[in-house]
Amino acid sequence: MRQSMYYTFSEIAESLAKRSTCSARAAVGAILFDDDNRIIATGYNGSPRGFPHCDDEGCKLDADNHCINSIHAEENALLQCAYIGRSTKGLMLFSTHIPCWRCTLRLIQAGIKRIVYEKEYGSAVKDTINVCNSFGILVDKFHGRSVYK
Ligand SMILES: [Zn+2]
Ligand SMILES: [Zn+2]
């Protein structure tokens, strides 16, 4: 049987996550795609281009133990669109993890219309889902190839 597109996204996102270079956080991989399921941009969490990697030189943690030197996977995917000059309006996100609160705000502001995630992570899961729904952004958990065609 032919593999579903979301299952393919899942494999790609998990492969991207393996490139994460900030061990203070979960290894996250994210994909922005359009209505035709075309991949527009990808991201994983790590330092900006040219910066030392956290895994080599250590994270820079704030008072809440969040690393302030790494860009999150979802942010990196949005920034990749900025870098290549592609509008993010109406794109959709597939991510290995539900976006954190910080990324959720950025995804809303960038006009992302749907979020599909694989794993819950962090303490703001309900807040993320609620705020997305209040802005008309659909949030779905990907359960495997049988769910989506
Ligand atoms: Zn770090
Ligand atoms: Zn985040």
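How many of the residues of β3 are buried? The legends below return to this strand after an overview of the predicted model.

**View 1. Overall fold of the predicted protein.** This is a predicted model, in which local features need pLDDT of at least 70 and side-chain atom pairs count only at pLDDT 80 or more, while totals for chains, interfaces and linings use all residues. Residues are numbered from 1 along each chain as its sequence is written, and chains are lettered from A and ligands numbered from 1 in the order in which they are written. The protein has 5 helices and 5 strands, taken as DSSP runs (H or I, at least four residues, for helices; E, at least two, for strands) numbered from the N terminus. Along the sequence these elements follow the pattern α-β-β-α-α-β-α-β-α-β. The C-alpha trace spans about 45 × 35 × 30 Å along its principal axes.

**View 2. The strand β3 and its cover.** In answer to the opening question, 6 of the 6 residues of β3 are buried, and the strand is mostly covered. A residue counts as buried if 20 or more other C-beta atoms lie within 10 Å of its own, as exposed if 12 or fewer do, and as partly exposed in between, with C-beta atoms placed from the backbone. Of the 149 residues of the protein, 39% count as buried.

**View 3. Strand partners of β3.** β3 pairs with β1 in the antiparallel sense over 4 bridges, and β3 pairs with β4 in the parallel sense over 5 bridges; pairing requires that DSSP finds at least two bridges between two strands. A30 has S95 in β3 as its bridge partner, whereas the bridge partner of H97 is K119 in β4.

**View 4. The largest nonpolar core.** This core has 32 residues, and those with the most contacts inside it are I31, L93, F94, I112 and I115. A nonpolar core is a set of buried Ala, Val, Leu, Ile, Met, Phe, Trp, Tyr and Cys residues joined through C-beta atoms within 7 Å. Among the elements that give two or more residues to this core are β1 (29-33), β3 (92-97), α4 (101-109) and β4 (114-119), but α1 gives the most, with 5 residues.

**View 5. Surroundings of L93.** Not counting residues up to four places away in sequence, L93 touches A30, L32, E74, L107, I112, I115 and V116, where contact means that the C-beta atoms of two residues, placed from the backbone, lie within 7 Å.
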